[in-house]
Amino acid sequence: MLQLLKTLADCDQFRQTHKNITVALVPTMGNLHQGHLALVRLAKRHAELVVVSIFVNPTQFGPTEDFDRYPRTLDADLRLLEAEGVNAVFTPTVETLYPKNNLAEGFQLIAPVGLTQNYCGASRPGHFEGVCQVVLKLFNLLGPQVAIFGEKDAQQLAVLQAMVEAYNVPVQIIPHSVVREADGLAKSSRNQYLQTEEERQASLGLIKTLHAVQQKVQTSPTPLKTEVTFEEAWQAIQPTLPQTPQLKWEYWAAAHPETLEPQAILTPGLRLLVAARVGSVRLIDTLLLAP
Ligand code: AMP
């Protein structure tokens, strides 16, 4: 039976009832797909009970971002979670988590600049602070021993790992690899906004570029420069994409796999990170260069 938790009192009761039982939390914003469900299955292997939270967190969206139009499909989500044998789902309202309604002025955790100045952090000021804020609340309310996060949001994972270490939060963070569509596109709730077949094909530019960079690194006898290699890889895959230029890069980078420090030279073991816009949709993807 899927238990529904909505209020802070529901969370208190849940924690009291399951004091000596291990709990794994999977935080999500809902509109669940196979990527989320893969996290749920991993969660089951790490704890006796699995709790999924569904909350579109306003504090991690910028004023011009897609908070209002973010897809909300609670009934379908609940059916999927019930079928997966999830034990409880926490679906708070904004007022429940932010009762004073001072979203911007409330107490904030500031993530280290080194982790947030690049990549998604550069174009989404305050995003990771909002993520830390809501995740710490969820940890405190639900008391999990482990929490599962996707490597697709690699920068988010690094920031949360740092938060847990910095504040001695007693939650073990476990990553899950990127779950993809059959053609390689990383699964995302935002993929449904790719409006035409051309946009869908253009969106494959992210993973195709990552694979082309990987191939170049694997076959090159000499060290390669990040910028040059990404540019070359992008040029090489261009003919495989729709003629109209639908894809606008926001960034491409190689980073240290844990600190996410940008790297100018490509070496095995680094994490490749990309973000681009296709039509009105912002997509991100990542690939670990085989060590
Ligand atoms: P979201 O609902 O987009 O906030 O995602 C909730 C969790 O699912 C986050 O930890 C994401 O990193 C993870 N996630 C979303 N899409 C994928 C995917 N395609 N593969 C792996 N994890 C994912």
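The largest nonpolar core of this predicted model has 45 residues. Its members with the most contacts inside it are F90, V135, F139, L142, F149 and L160. Helix 7, residues 127-142, supplies the largest share of this core, with 9 residues.

**Cores**
- L142, one of the residues with the most contacts inside the largest core, is in contact with L5, C11, F14, R15, L25, V51 and F90, leaving aside its neighbours within four places in sequence.

**Overall form**
- The protein contains 11 helices and 11 strands.
- Its radius of gyration is 20 Å, close to the 19 Å that the globule rule gives for 291 residues, so the protein is as compact as a globular protein of that length.
- The C-alpha trace spans about 60 × 40 × 40 Å along its principal axes.

**Burial and contacts**
- Of the 291 residues in the protein, 53% are buried.
- Taking contacts between residues at least 6 apart in sequence, 72% join residues at least 24 apart.

**Surface and charge**
- The accessible surface of the protein is about 14100 Å², and carbon and sulfur atoms account for 54% of that area.
- The protein has 24 positive and 28 negative charges.
- The mean positions of these positive and negative charges lie 2 Å apart.

Conventions:
Residues are numbered from 1 along each chain as its sequence is written. This is a predicted model: local features need pLDDT of at least 70, side-chain atom pairs count only at pLDDT 80 or more; totals for chains, interfaces and linings use all residues. Side-chain values use heavy atoms; hydrogens and water are left out. Helices (H or I, at least four residues) and strands (E, at least two) are DSSP runs, numbered from the N terminus. The radius of gyration is taken over C-alpha atoms; the globule rule is 2.2 Å times the number of residues to the power 0.38. Buried means under 20% relative accessible area, exposed over 50%, partly exposed in between (1.4 Å probe, protein chains only). Contact means heavy atoms within 4.5 Å. Accessible areas come from the Shrake-Rupley method with a 1.4 Å probe; for residues, only the protein chains shown count as cover. Lys and Arg count as positive and Asp and Glu as negative; His and the chain ends are not counted. The place of a charge is taken as NZ of Lys, CZ of Arg, CG of Asp or CD of Glu. A nonpolar core is a set of buried Ala, Val, Leu, Ile, Met, Phe, Trp, Tyr and Cys residues joined through side-chain atoms within 4.5 Å.
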